[in-house]
Amino acid sequence: MSSSKPLSAPPKMSSLSSRGVNSTSSMSPTRASGSLPSNKNPAVPTPTRQPYSSPSYETFAPRTAAQRERMGRVAALTAGPWSSANNEEQKDSSSDFDEPITLTSAMCPPKSSTYNTSSSSNDSTISSVTDQKINNTLQHTINATQNLSTLIKHTASLRLALRASINIANDVSERHSDLLRHSGELSAAAERLQHEEQVLTRRAEEIGKPLKHYDAVDRIGPLVGVLFKEGGRVVVRGIAKLHVDNDEEFVRVLEEIDEAVEFFGEDGGGAEVFGRPGSGGSSSNNRRGGRERTASQQPFQATASGSAEYYRRACALQDAALELLRVGVADRISQTSSQIQDALKLPKVPIAADKLEASLVYTRFHGISRRSNALINIARKRVETLGSGSLAASSYEDFLTLCRNTYCGARETLLTTTIRSHMDILKERHGLVGMTRLASVFLIRLCTVETALYLDFFGDPDKRRQTTKKVKGATSDGDDEKEAEENEGGDDASAFKRLGSSSSHQPGTAIASQILSEDATYRDAEFQSMLGSLCSALHRTIRRGLVSVLDLDVLCQVVSVLREERSAANSTSTTLAAARAVSGVIQDAQERLIFCANTSLHKEVVRFKPTSADLNYPGKLLGEKPKAAIIIEGEEGAAAAKKAEKEESEINDAVAAQLRVYESWFPPMRSVLRILSKIFRVVEPRVFEDIALSAVQACTKSLKDGSSHILRASGQIHADLFLVKHLLILREQLSPFDIQLRSVERQLDFSEAGKAVSRFLANRNRRLFSMSTENALVTLLREGVSVQESSVDSKRDLEDCLRSACNDFIEHTTSSLLGPISRFVDQCKNASSDGSTDILRKESFMNGIVVKGMFGNAYDNLESELGNVSTQMKLYLENSSTQSILLKPVVRKITRALEEARRFIDEVPNDENDWDTELRDEVLKSASAFETRVKA
């Protein structure tokens with residue numbers, strides 16, 4: 001065994017540690033390589049062994065330190081219990097041999113080695129030691145083998161247990177799949193059964209539904225007083241056992257009747273045979289007749305189906321039920337109205353306005369409002385439940401319309417005479433303006449009271465109740481809460497308290513409007529039409545008064561008052577009818593105002609013929625007493641004279657002084673500004689601008705004509721300053737109106753009509769009836785008549801006229817101040833117009849002595865002329881800045897004329913035409929003095 005080399009163990013065997021087998025770490029190359037320990041006896045030769053290293057994967061793929069540490073821990077955990085008992089043996093053997101004995105080395109042949117044959121004793125010793133190690137190794141191998149066998153058996157049992165677990169898991173999965181499949185089948189079956197149950201239930205209901213309606217028609221007939229005899233051929237009306245005051249039972253009966261009408265009419269086809277219910281008239285008799293003709297009075301038809309016949313009977317039952325409601329509401333309203341008329345002798349004897357709210361006209365209606373409102377709410381809720389397009393709902397809509405028409409007709413009959421009488425009394429006592437305000441307030445209050453009463457009849461109590469709670473939360477006074485509770489009940493006294501005082505602007509009315517505005521029932525067309533008819537009394541009375549009014553002040557006051565009252569009426573939605581009536585009166589008043597304004601302008605401006613007193617300028621500015629009456633605010637005669645004398649005595653008063661300034665204006669301009677200032681706030685802007693446009697044009701023309709008369713009577717400077725003064729005032733007074741004064745005038749031009757008619761008659765192939773543009777008549781109109789447009793700008797014309805007047809004043813003033821110098825310059829320009837000065841030197845007006853005398857005379861007259869111009873400008877133009885603006889161009893023109901005169905004088909040489917140096921210097925000094933005085 002010593003001559004053979006041990007076999008190499010496979011790499012995996014080194015990783016499998018068992019009892020007595022070292023770990024993988026003992027198989028490292030450093031410990032595997034080496035030789036047996038040498039003998040201590042030096043005489044005995046030690047055999048030399050070849051170095052041996054077992055093959056390992058680490059040669060080709062070295063393990064990391066972490067991997068080697070993990071393999072060591074695995075080997076320690078897999079070692080058997082005997083490993084600790086043999087530790088000492090291993091230590092002893094390891095002490096003798098440096099190379100450890102492993103399982104791999106034990107199973108392999110011994111390594112080849114070369115021994116020295118020199119000593120046989122050494123061989124025997126080595127042989128015995130080797131045998132002992134072999135025995136130990138074999139014993140270790142046997143123990144490891146047994147351990148491995150145990151591990152293999154245990155692993156096999158684990159494998160079998162794992163396979164059994166896998167089989168069990170597969171079986172459980174299969175059973176779970178089967179369970180899911182069976183559950184789905186059961187669920188589908190349950191759903192199918194449930195659907196079949198629903199179908200069967202629905203079919204049962206469909207089968208039983210007609211029977212329910214048939215039973216209802218047969219059962220409800222005696223309750224509403226209807227009997228069907230002879231198989232339904234005869235319908236007999238009697239006394240109903242059902243009372244409308246029993247709300248729950250009556251509503252339940254109506255529901256059953258409506259369901260029967262809907263079923264037999266739509267599903268049974270009864271509506272196609274007998275028509276839709278509710279097709280009768282809106283009045284009570286017509287409506288009853290229409291309904292009965294539609295249902296109960298239709299002749300029995302043997303060929304008709306049972307559904308159609310029962311539809312006819314259901315309509316008859318609905319007629320009977322609604323007849324009970326009609327008797328409780330419409331007939332009660334008509335009966336109450338008749339009783340009130342008989343008691344108060346209406347409409348022959350009107351009721352006093354201050355006693356109207358406490359009269360039977362309101363107290364009796366408030367007394368029946370609660371029950372009527374309850375019955376009307378039943379019908380309204382049925383309409384809301386059924387829908388407006390259903391068969392049964394049309395009957396209720398006709399009933400509600402009948403109730404509203406009956407109520408509005410009764411209220412209009414009771415109030416019309418009283419309202420008209422009150423309007424006439426107000427007009428007689430307070431005049432047109434006072435009557436306008438008081439009548440508007442009365443109508444606003446009347447609308448509020450009537451709206452409250454209407455809502456007591458037709459309003460929704462739920463909305464009123466919610467609004468009342470809001471008002472309660474907003475007020476902390478206990479009396480107000482009590483009042484709100486009374487309002488909910490509809491008591492007559494609480495209704496009057498809710499509406500406040502007689503003024504429409506009181507807080508009580510605002511609270512009432514807040515309560516009433518939440519319920520939009522008052523917007524019904526019938527009620528608004530009734531309020532409009534009542535408010536038309538205002539329009540009737542005021543219109544008759546407006547026809548005879550010519551005073552612009554009265555008309556303006558009427559429009560202003562009506563606008564204020566319209567704003568008050570528009571502030572709440574419950575008084576919109578009064579606002580509409582007031583708006584109609586405003587339009588009539590504005591039309592009358594526009595007519596009177598145009599008439600006054602035409603009379604006082606367009607057709608104005610000035611008198612000597614009107615053209616007494618500057619006498620009117622100096623305060624001279626006029627010989628003729630001056631029109632002030634439309635007053636004439638003695639009253640104007642007395643007023644003028646009074647103003648003369650109070651000249652120191654500022655108001656009187658301002659009035660004198662106003663009186664000094666030219667009458668046409670005064671009339672224009674007075675009328676425009678009055679109508680500015682009370683007519684529409686476009687209308688005002690159109691009136692102002694024509695008025696300014698007429699006023700400008702009148703001022704020009706007046707300036708021409710003053711020119712002949714008082715002189716040029718007065719005519720110029722008169723025109724400048726009034727045009728400046730007119731422009732200044734028009735600026736606050738902020739208007740453009742522009743328009744486009746269109747006129748028909750018939751200048752080509754004769755030629756077009758000639759061509760029309762000369763054309764023998766006329767197509768008179770051709771429906772195209774080649775029609776002869778169309779061609780005649782197109783060629784013979786044309787529209788001429790022209791733009792009119794009164795503000796621009798006014799500015800042009802003012803500019804022209806200022807330029808005329810500057811030219812005339814300049815000529816007046818220069819005197820003969822102006823003529824001298826003009827003569828010099830004419831003489832030297834050809835560019836030669838030879839003729840100018842020889843002219844007589846260029847004689848030195850003549851020129852000197854001319855400048856002397858001009859300078860002597862300058863002082864008086866300057867004083868006259870300054871005085872007149874101060875008289876006509878009070879503003880000093882305006883005077884300065886007008887005088888600056890005059891000074892410039894005078895300076896320019898003097899410069900031209902100097903130039904012409906310098907062109908004449910000395911010793912010619914009596915000119916010399918001394919004379920020339922004197923003339924130039926006169927010119928300089930003249931210029932200095934003008935600039936000063």
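Arg 445 is buried, with a relative accessible area of 14%, where buried means under 20% relative accessible area, exposed over 50%, and partly exposed in between, with a 1.4 Å probe and protein chains only. The model is predicted, so that local features need pLDDT of at least 70 and side-chain atom pairs count only at pLDDT 80 or more, while totals for chains, interfaces and linings use all residues. Residues are numbered from 1 along each chain as its sequence is written, and side-chain values use heavy atoms, with hydrogens and water left out.

- Arg 445 is found in helix 12, which covers residues 391-458; helices (H or I, at least four residues) and strands (E, at least two) are DSSP runs, numbered from the N terminus.
- The side chain of Arg 445 makes a polar contact with the side chain of Glu 357, at 2.2 Å; a polar contact is a pair of N or O atoms within 3.5 Å, and within protein one must be able to donate a hydrogen and the other to accept it, while residues adjacent in sequence count only if both atoms are side-chain atoms.
- Val 449 also lies in helix 12, and at 4% relative accessibility Val 449 counts as buried.
- Between the C-alpha atoms of Val 449 and Tyr 362 the separation is 9.2 Å, although the two residues are 87 residues apart along the chain.

**Helix 18 and its surroundings**

- Helix 18 (residues 552-570) has 19 residues and reaches 27 Å from its first C-alpha to its last, close to the 27 Å expected at 1.5 Å a residue, the expected span being 1.5 Å times one less than the number of residues.
- Among the buried residues of helix 18 are Leu 552, Leu 555, Val 559, Leu 562 and Glu 565, and what covers the buried residues of this helix includes helix 12, helix 17 (525-546), helix 19 (576-606) and helix 23.
- At the start of helix 18, a side-chain oxygen of Asp 551 reaches to within 3.1 Å of the backbone nitrogen of Asp 553.

**Gln 590 in helix 19**

- Gln 590 is found in helix 19 and, at 9% relative accessibility, counts as buried.
- A polar atom of the Gln 590 side chain lies 3.0 Å from the backbone oxygen of Val 682.
- Leaving aside neighbours within four places in sequence, Gln 590 is in contact with Val 559, Arg 563, Val 682, Val 683 and Glu 684, where contact means heavy atoms within 4.5 Å.

**Packing of helix 23 and helix 24**

- Helix 23 (residues 667-679) and helix 24 (residues 685-714) pack at an angle of about 170 degrees, with their axes 9 Å apart; axes are lines fitted to C-alpha atoms, for helices over the stretch in contact, and angles run from 0 to 180 degrees between N-to-C directions.
- Helix 23 and helix 24 are therefore roughly antiparallel to each other, a label that applies to angles over 145 degrees.
- The residues that meet include Val 672 and Leu 676 in helix 23, and Ile 691 and Ala 695 in helix 24.

**One buried side on helix 33**

- The buried residues of helix 33 are Leu 919, Arg 920, Val 923, Ala 927, Phe 930, Glu 931 and Val 934.
- They cover an arc of only 110 degrees around the axis, which puts them on the same side of helix 33; the arc is that of the directions from the helix axis to the C-beta atoms.
- On the other side of helix 33, Glu 918, Lys 925, Thr 932 and Lys 935 are exposed.
- The buried residues of helix 33 pack against helix 28 (794-818), helix 29 (820-831), helix 31 (848-876) and helix 32 (880-907).

**Backbone features in loops**

- Most residues other than glycine have a negative phi, and most peptide bonds are trans.
- A cis peptide bond joins Leu 346 and Pro 347, with omega about 0 degrees, and Pro 347 is found in the loop between helix 10 (330-344) and helix 11 (360-386).
- Lys 345, which has its place in the loop between helix 10 and helix 11, has a positive phi near 60 degrees and is exposed, with a relative accessible area of 56%.
- Tyr 617 and Pro 618 are joined by a cis peptide bond with omega about 10 degrees, and Pro 618 is in the loop between helix 19 and helix 20 (619-622).

Conventions
Parallel < 35°, antiparallel > 145°, perpendicular 65-115°, else oblique.
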